[in-house]
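Let us walk through this structure together, one region at a time. Please keep the viewer open as you read.

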Amino acid sequence: MAVPTIEPEAAPTSAPASDTSRSGTGDRVSRLLHARPKLRLTALLALPLAWLGVLYIGSLILLFITAFWTTDTFTSKVVPGFTLENFVEILTVPAYQLTALRTIGIALAVTVLCAVLALPLGLFMAKVASPRTRAIFAIGITLPLWAGYLVKVFSWRITFMTGGPLDWLLAPLGMTGPGYGTMALVITLAYLWFPYMAVPVYSAFRQIPDNLFDASSDLGARPWATVRTVAIPLLKPAFIAGSIFTFSLSLGDYIAAQFVGGKIQVIGTVIASNINLNPPLAAAFGTVPIVVVVLYLFLARKSGALKQL
Amino acid sequence: MKTTKVLPLAALASLSLVLAGCGGSAPATSGGGNGGIQVPDIPAATEVGESEGEVNIVAWAGFVEDGSTNPDADWVTQFEEETGCTVNRKVGATSDEMVQLMRTGEYDLVSASGDASLRLIAGGDVAPINTDLIPNFGNIVEGLKGQIYDTLNGKSYGVPIGRGANVLMYNTEAVPEAPDSWEATWDPNSEYAGEIMAYDSPIFIADAAVYLMATQPELGITNPYALDKDQLAAAVELLKGQNKIAGEYWNDALKAVSSISSGTASLGTGWQVIVNIAQGDGGKVESVLPKEGATGWSDTWMISAKSKNPNCAYKWMDWASSAEVNAQIAQNFGMAPANALACEGSKENEEHCATFHATDEDYYKQVWMWTTPVEQCVDGRTDVTCTNYQEWTKAWTEVKG
């Protein structure tokens with residue numbers, strides 16, 4: 001009780017009046033937060049939760065709702081309502097099924113390709129290379145992240161061009177490049193998303209103590225047996241973490257498909273071609289990759305890999 | 001363990017179902033299969049007053065240039081100085097995107113192609129135009145006046161900018177002899193199998209219909225934008241055959257330039273501007289209007305029904321329609337200008353108009369301008385329902401597999 005009566009008297013005499021009042025509010029806020037842990041937590045998490053809950057999950061819910069709406073056939077304006085027609089269509093039209101399966105196949109191929117490349121690279125960087133070489137490799141892996149997406153895709157378009165650099169390289173062997181199509185798309189996507197696989201695999205390799213390898217070879221295991229029985233089981237979480245990125249990013253991509261995919265159609269291109277003319281159908285088809293990724297995450301969780309992340 | 005995780009998801013799903021149900025269960029249809037096209041009644045402007053200070057335009061690349069992309073192309077600066085209207089340009093990539101942008105109500109003008117314009121008119125997104133307020137309107141070439149895609153119930157909704165045909169382009173190294181038919185791009189046994197490029201849009205179905213008109217008259221197609229179910233099925237069949245021999249689909253002009261110049265594609269559908277760019281870069285590319293005819297496009301300025309700057313918008317439409325500016329736009333973009341006077345006055349203008357057959361109505365009689373396919377058959381048939389653009393979009397997905 002005594003404190004409030006002193007403060008108003010002291011305020012005019014102490015020189016920087018504004019200063020005391022500011023620290024006064026600060027004090028009061030911190031006292032309040034100290035007394036109420038729940039408020040403290042709310043203040044801390046309000047912004048990220050608003051972002052995650054309202055903007056991110058909210059937009060996904062809106063997308064899901066739109067999938068049940070229809071479109072005016074003439075003006076292509078979205079008409080709210082409720083119909084399962086869009087889902088029936090994507091589940092019954094062979095072109096949509098084929099497109100979905102093809103896209104999943106491409107995403108799996110990209111993931112496998114990235115994993116196969118990341119294993120020896122991670123092993124070399126973590127266990128063999130000198131710190132200097134390791135730094136150079138680390139820069140090399142992350143280099144693709146520095147350039148613009150379109151620049152990278154266009155350079156691959158030029159690489160696969162008829163009579164382009166790849167054809168020229170293969171000409172002495174009497175071969176030609178694959179041209180635009182599924183193969184070109186898988187290679188391009190693997191290039192685009194490789195850093196997301198390579199970095200976790202490399203960090204996981206770093207965490208495996210060298211003496212595990214020594215012990216394995218002391219017990220008579222050949223190098224490949226060591227990789228198979230020691231390294232890969234320990235690397236599994238890293239591979240799964242990396243594969244979530246490579247798989248889901250490949251599933252959603254459509255620009256690379258347009259530039260190096262030739263005439264093939266993927267989930268992304270179908271969504272893109274419907275997004276203006278028939279948004280509900282695009283929304284319905286947009287749930288396909290979400291469902292696939294949720295299933296993928298579920299399988300990853302079942303394997304126990306996510307716990308170790 | 002498992003139920004606690006599933007429960008929120010289930011709640012979420014049922015909540016969204018309830019929300020969706022609230023939206024009203026009877027989907028409204030406007031312009032359904034009941035006679036003519038219903039158009040919202042929107043009044044046209046009666047006078048052009050003081051400038052509002054700015055005008056917001058959605059346009060194709062090359063239509064609204066202030067010298068920033070190419071110092072030689074600038075017809076915006078002078079307009080801004082003379083009228084006091086600052087021009088804000090947004091480049092639209094596709095007709096569908098332009099329609100979406102116009103629906104936001106943030107833009108005053110759009111350079112709409114025929115496949116977008118009917119949608120905009122029927123959707124009440126654009127207002128009729130009082131052509132008396134556009135002095136240069138009188139000089140528009142005859143073939144562009146009162147077309148189906150911009151005139152409805154006697155009201156004009158668009159001020160023509162220019163037009164062009166979707167020509168057959170070919171790489172002269174791969175195709176030494178100039179073709180005169182689309183056959184090589186459709187025949188399953190084409191000698192150019194794997195090297196054919198096609199346009200990636202549902203509207204490309206009309207190209208198949210144009211070819212069918214010439215080769216399968218028994219189908220009874222008289223207008224490639226008025227296809228009943230059977231006719232659409234025949235077009236889809238033809239397109240599926242083409243899919244087997246196509247090397248690539250394009251919807252980005254620069255991608256098309258790289259394909260046809262490098263020889264990745266030997267021949268296929270393209271725009272004259274693509275041929276021009278390719279030739280400018282030294283590519284061995286030529287174009288031809290085949291004997292079967294072709295599809296094409298005609299663009300018009302349309303004013304938003306919600307325009308906040310109608311005075312500046314009218315001033316821009318008149319400015320862009322003047323012989324001088326229209327010639328610049330047409331030459332910069334690579335199309336036939338809409339203003340007949342844009343073909344006179346200089347050797348450059350005359351040559352450009354000759355290249356693009358600007359005043360040659362016989363040439364454009366073979367060209368079917370993009371029109372939004374609607375249920376009311378635009379060829380005048382009343383005993384059948386035609387397929388609409390949404391059905392075309394679905395069919396296009398099916399074609400690409």
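Helices (H or I, at least four residues) and strands (E, at least two) are DSSP runs, numbered from the N terminus. This is a predicted model, in which local features need pLDDT of at least 70 and side-chain atom pairs count only at pLDDT 80 or more, while totals for chains, interfaces and linings use all residues. Residues are numbered from 1 along each chain as its sequence is written, chains are lettered from A and ligands numbered from 1 in the order in which they are written, and side-chain values use heavy atoms, with hydrogens and water left out.

Seven of the nine residues of helix 3 (residues 95–103) of chain B are buried, so the helix is largely enclosed by the rest of the structure. Here buried means under 20% relative accessible area, exposed means over 50%, and partly exposed lies in between (1.4 Å probe, protein chains only). Among the buried residues of helix 3 of chain B are B:Asp96, B:Met98 and B:Arg103.

Staying in chain B, look for B:Gln390 in helix 14 (residues 389–400) of chain B. With 11% relative accessibility, B:Gln390 counts as buried. Which residues does B:Gln390 contact, leaving aside its neighbours within four places in sequence? They are A:Thr71, A:Asp72, A:Thr73, A:Leu277 and A:Asn278, where contact means heavy atoms within 4.5 Å.

Now turn to chain A and its helix pairs. Helix 9 (residues 182–207) of chain A and helix 11 (residues 223–252) of chain A have axes that come within 8 Å and cross at roughly 155 degrees. Axes are lines fitted to C-alpha atoms, for helices over the stretch in contact, and angles run from 0 to 180 degrees between N-to-C directions. Helix 9 of chain A and helix 11 of chain A are therefore roughly antiparallel; angles under 35 degrees count as roughly parallel, over 145 as roughly antiparallel, 65 to 115 as roughly perpendicular and the rest as oblique. Residues of helix 9 of chain A in this contact include A:Trp193 and A:Phe205, and those of helix 11 of chain A include A:Leu235 and A:Phe239.

Helix 11 of chain A also meets helix 5 of chain A: their axes come within 9 Å and cross at roughly 140 degrees. Helix 5 of chain A and helix 11 of chain A are therefore oblique to each other. On the helix 5 side of chain A, the meeting residues include A:Ile104 and A:Leu119, while A:Leu235 and A:Phe239 are among those in helix 11 of chain A.

Finally, consider the rings. The whole structure holds 29 aromatic pairs over all chains: rings of Phe, Tyr and Trp (its six-membered ring) pair if their centres lie within 6.5 Å, and planes under 30 degrees apart count as stacked, over 60 as edge-to-face and the rest as tilted. A:Phe124 and A:Phe137 have ring centres 5.3 Å apart and planes at 55 degrees, so this pair is tilted. A:Phe124 lies in helix 5 (residues 94–128) of chain A and A:Phe137 in helix 6 (residues 131–142) of chain A, so the pair ties together parts that are 13 residues apart in sequence. In chain B, B:Trp301 and B:Trp316 form an edge-to-face pair, 6.0 Å centre to centre with 85 degrees between the planes. Both B:Trp301 and B:Trp316 are buried, and ring pairs link them into a cluster with others including B:Phe63, B:Tyr199 and B:Trp370.
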